[in-house]
Each structure stands twice: as C-alpha cells, then as structure tokens.
Amino acid sequence: MTQITFDAAYNVLLIHVPEIPEADEYLFWAKLFLHQEALTIIEELEGADRHQTRFSYGSSTFNMNFEHYTDSIWIAPEGTESEEQLVNLSKYLLTSFQ
C-alpha cells in the first residue's frame, strides 16, 4: 500500500511504496504514479544518481524525486505558492490511492 507522509522539517511529501522501482524504470513508474486527473507532467529529468519528474497540480508546480542509492522518493514544492498547496496535494494523492 502506498503511504504519503508530510515531513515538516524539510517541507516535502515522502512517498513510501511497497516496491521501489529500479533506477532504469523510475520514469515509467513516475508516469503511472502521477497519472491523475488533476496532475500534469511538465518535464522528466534522468541523472546518474537522481531522477526527477516535474509536474503541476492546479497552478502550482512540484517535483518528484527518486534517489536510487537511498531508495528514496519524495515530492518537493517549487516556490511559495506550491508550498501552500503541498498539504492539498497530499490529500489529493491519498484519496486517489484508496
């Protein structure tokens, strides 16, 4: 079961999934994870250590990051307006995975 928790210290959403995708499968996994009516993928970036998918929710932009060395997945807001929408995004994602 996918769990999403808000980390107030870093102002990010931590994504806990039953099975972490392999590094070469992350971009495909991210497309499936973010395939929601209210979300739009803007850009996909693939690096050696970290992959990132930028997306919008309403008029706010976020980035979902995957670091394969630590098997970490998190969503970070881009800007003040997005920071204010982070809790709403969390609620939206949680309801979509129920």
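Trainee: What makes Glu67 and Arg50 a salt bridge?

Mentor: In this predicted model, the closest N and O atoms of Glu67 and Arg50 are 3.6 Å apart. The cut-off is 4 Å between a side-chain nitrogen of Lys or Arg and a carboxyl oxygen of Asp or Glu, so the pair counts as a salt bridge. The two residues link distant parts of the chain: Glu67 is in strand E5 (residues 60-67) and Arg50 in strand E4, 17 residues apart.

Trainee: Is Arg50 called buried, exposed or partly exposed, and why?

Mentor: Arg50 has a relative accessible area of 40%. Buried means under 20% and exposed means over 50%, so Arg50 is partly exposed.

Trainee: Nice. How many salt bridges does the whole structure have?

Mentor: A search finds four. Among them is the one between the side chains of Arg54 and Glu43, at 3.3 Å from N to O. Arg54 lies in strand E4 (residues 50-57) and Glu43 in strand E3 (residues 39-46), so this pair ties together parts that are 11 residues apart in sequence.

Trainee: What makes Glu43, Arg54 and Glu78 one network?

Mentor: Shared partners do. Arg54 also forms a salt bridge with Glu78, and their closest N and O atoms are 2.8 Å apart. Glu78 sits in the loop between strand E6 (72-77) and helix H2 (80-96), so its pairing with Arg54 joins parts 24 residues apart in sequence. Glu78 is partly exposed, with a relative accessible area of 24%, and Glu43 is partly exposed too, at 32%.

Trainee: Why is Val17 called buried?

Mentor: Its relative accessibility is 16%. The limit for buried is under 20%, so Val17 qualifies. Val17 is placed in the loop between strand E2 (12-16) and helix H1 (26-33).

Trainee: Which residues is Val17 in contact with, leaving aside its neighbours within four places in sequence?

Mentor: Thr2, Trp29 and Ile73. Ile73 is 56 residues from Val17 along the chain, and their C-alpha atoms are separated by 8.8 Å.

Trainee: How do you know that the buried residues of H1 line one face of the helix?

Mentor: Start with the list: Tyr26, Leu27, Trp29, Ala30 and Phe33 are the buried residues of H1. Seen down the helix axis, they fall within an arc of 160 degrees, so they line one face. An α-helix has 3.6 residues a turn, so residues three or four places apart point the same way. On the other side of H1, Phe28 and Leu32 are exposed.

Trainee: And what do the buried residues of H1 pack against?

Mentor: They pack against E2, E3, E4, E5, E6 and H2.

Terms used: Residues numbered from 1 in each chain as written. Predicted model: local features only at pLDDT ≥ 70, side-chain atom pairs only at ≥ 80, totals over all residues. Heavy atoms only, no water. Helix = DSSP H or I, 4+ residues; strand = E, 2+ residues; numbered from the N terminus. Buried < 20%, exposed > 50% of the residue type's maximum accessible area, 1.4 Å probe, protein only. Contact = heavy atoms within 4.5 Å. Arc of directions from axis to C-beta.
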